[in-house]
Amino acid sequence: MKLSNKTLSQLPKGVVVPTYDRSHLKIKIVHLGFGAFHRAHQAVFADILASEHKSDWGYCEVNLIGGEKQIEDLKQQDFLFSVCEMSYDDWSTRVVGVAKEALHADIDGIDKILAVMTRPEIAIVSMTVTEKGYCYLPATASIDTDNKLIKHDIENPTKPKTLPGVIVEALRLRKEKGLKPFTVMSCDNMPENGHVTRNVVLALAKLRDANLANWIDQNVTFPSTMVDRIVPAVTPETMDKIQKQLGGIEDPAGVAGEPFKQWVIEDKFVNGRPEWQKAGAELVDDVLPYEEMKLRMLNGSHSFLAYLGYLAGYLHIDECMQDPNYVKAARHLMLQEQATTLRVQGVDLQAYADSLIERYRNTGLKHRTWQIAMDGTLKLPQRMLDSIRFHLANNTPFDCLALGVAGWMRYVSGTDDACKAIEVSDPSADKIKQLVATSKDNEDRVTALLSLTHVFGEDLPKNQFFIDKVTKAYLSLRDLGAKQTVQQLAKNF
Ligand code: NAI
Ligand code: CS2
C-alpha cells in the first residue's frame, strides 16, 4: 500500500503527519527541481510553518530535466511524501503536506508549467536544479551560450527547456499580462547564487528583447541563499528503512537526511514571502559571508574527502571519517586553509568545523563519495579555487587545497588506486576524457587539465607556484596512492 490521504491514518504513532487543513493551502511558490534536497529542506520549512504557524503557502513541484518518476510518484500519492531524519541508527519521520500540484516538462508539457508560473498568485519561483541547471561558466558566472540547450532556447524562446529559458519566458508572459513579477530564489550550492541566477536570466532576456531585460532588471529580485542539510541520494536500502518507518506503507517519493538543517536568506522579495524565520531560517541583508563559509568549509572539505576518499576505496563519507589521517586533513583544510579566507563575523569557526566533522561521522547517512565527486568542474571554483587565489595573493600555505585539486585530476583521469575504472559524471566529461587521453600521466596531465579555463580561469594556469604545488601532489597520488599521500600530509598537522 502506498502513502496517500487514505493511508495517513495507518501510519505508526511516532510519524508526524500534516495536522493542518491542506485544502486551505494556496500554491504561491513554484519550485523547479523536486530532487532529494528540496524535499528535506525547503518543503520541511514550509510544512513546519503550515502545521505550527497557520501558513497557507503551498507548492507546485516541477522537474524540467530528469526526475520524471519523482513527479509521477508524487501525483499518485496525493502529493504527500515523507522525510526521515537519520541520526546514526535513530530515525524519525514526518510526512510533508505542502505540495499541491506536480508537473514535468516532458510529461505535462512546458506550456502547463508556464501557465502555473503566470498565475497571479505565484509570488516566488525557487529552485534546486544542481549547478549545471544554470548553464553558466563558473569562472566568470556568465551564461554559457555554447550550451546546446541554451542555443535551443535562444531559437525557441516560447518553448524553453532550460531553467533560465523557463524563467525568462514566464516573466515575459507576466509582463505581457500586466501581472506583478515573482521573486526568483536559487537554493543551489553556488556562491552568490542569486547573482548567478540573475546573470543568466538577464543575459538570455537581453538576447531576446532589451525591453524585457530592462523590465526584469527593474522589477525582479534574485535573493541569494545559503542552504545546508546533508541529504544523500536515496538507495534501495534507505527506501526499505523509510518503508519500515512508515509501518510497511510504501513511499517512493520519500527521502532521508541528517537532522541538522540551516537556511540563510537574503531578505529581498518583490511579492511577499512565507515567515520562514518562524521555522528557524535566518533572514539577513547579506548572505555572501555565510555562503562562503559553508561552501568553503563544508563543501570544500566534502569535495576533498570525496576525491581522496574515492581513490582510496572509501565509498562513503563516514568511512573517510574512520581514517584518522583523513579527519586530520579535513580539519586542517577547514580551519587553516578555508576559515582563514573568510569574512563572516561572529561565528565560532572552530565549533563549526567540529560540528561538520561530527555530521560527517553520522553512520546513518551513507553519503556516497561518488555523488559528491560528480560535476567537479562546476564545484571546484567556489569550493577550492577561490581560497587558493586568496592564499596566492597573501603568500599563505594551501597544501590541502592543492591536494584536493590534484585529487580531482587523479579522479577524472579515470582509475582509482585499486586500478578500477571510475565512472566520471560531469558536464565537461567529453572534454576531460579527450584531455586525459592525449596527455601523459605526469606533469603533462596537470597542464592539460588546467587548460579548462572555464574552471581555472586565465590566471591559475599561468601561476607557476600553483602549478608546481598541484603537480607535486598529483605525482604523489600517482606513485603512493591517496591513503599514503594523505597520511604524509597529515603528519605535518
Ligand atoms: P537530486 O539529484 O535529487 O535532484 C536534482 C534535481 O535537479 C532534480 O529535480 C532534477 O530534475 C534537477 N535537474 C538536474 N539537472 C537539471 C538541469 N540541467 N536543468 C534543470 N533541472 C535539472 O539532487 P539534490 O540532492 O536534490 O541536490 C540538488 C542541488 O541542491 C545540489 O546540486 C545542490 O546545489 C543543492 N543542495 C543539495 C544538498 C544535498 O545534500 N543533497 C544540500 C544543499 C544544497
Ligand atoms: C555535497 C553537498 O553533493 C555535494 O557536492 O557537498 O550536496 C552537501 O551535502 C550539501 O551542500 C550539504 O548542505
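Student: Which helix supplies the largest share of the shell around ligand 2?

Tutor: That is α11, with 4 residues. Helices here are DSSP runs of H or I, at least four residues long, and strands are E runs of at least two, numbered from the N terminus. This is a predicted model, where local features need pLDDT of at least 70 and side-chain atom pairs count only at pLDDT 80 or more, while totals for chains, interfaces and linings use all residues. Residues are numbered from 1 along each chain as its sequence is written, ligands are numbered from 1 in the order in which they are written, and side-chain values use heavy atoms, without hydrogens and water.

Student: What makes N299 a polar contact of ligand 2?

Tutor: A polar contact is a pair of N or O atoms within 3.5 Å. An N or O atom in the side chain of N299 is 2.9 Å from an oxygen atom of ligand 2, so the pair qualifies. K379 also has a polar side-chain atom 2.9 Å from a ligand 2 oxygen.

Student: Why is R119 called partly exposed?

Tutor: Buried means under 20% relative accessible area and exposed over 50%, with partly exposed in between (1.4 Å probe, protein chains only). R119 has 25%, so it is partly exposed.

Student: Where is R119, and what does R119 touch?

Tutor: R119 sits in the loop between α5 (110-117) and β6 (124-127). Not counting residues up to four places away in sequence, R119 touches I27, E101 and R174; contact means heavy atoms within 4.5 Å. The C-alpha atoms of R119 and I27 are separated by 9.4 Å.

Methods. A polar contact is a pair of N or O atoms within 3.5 Å; within protein, one must be able to donate a hydrogen and the other to accept it, and residues adjacent in sequence count only if both atoms are side-chain atoms.
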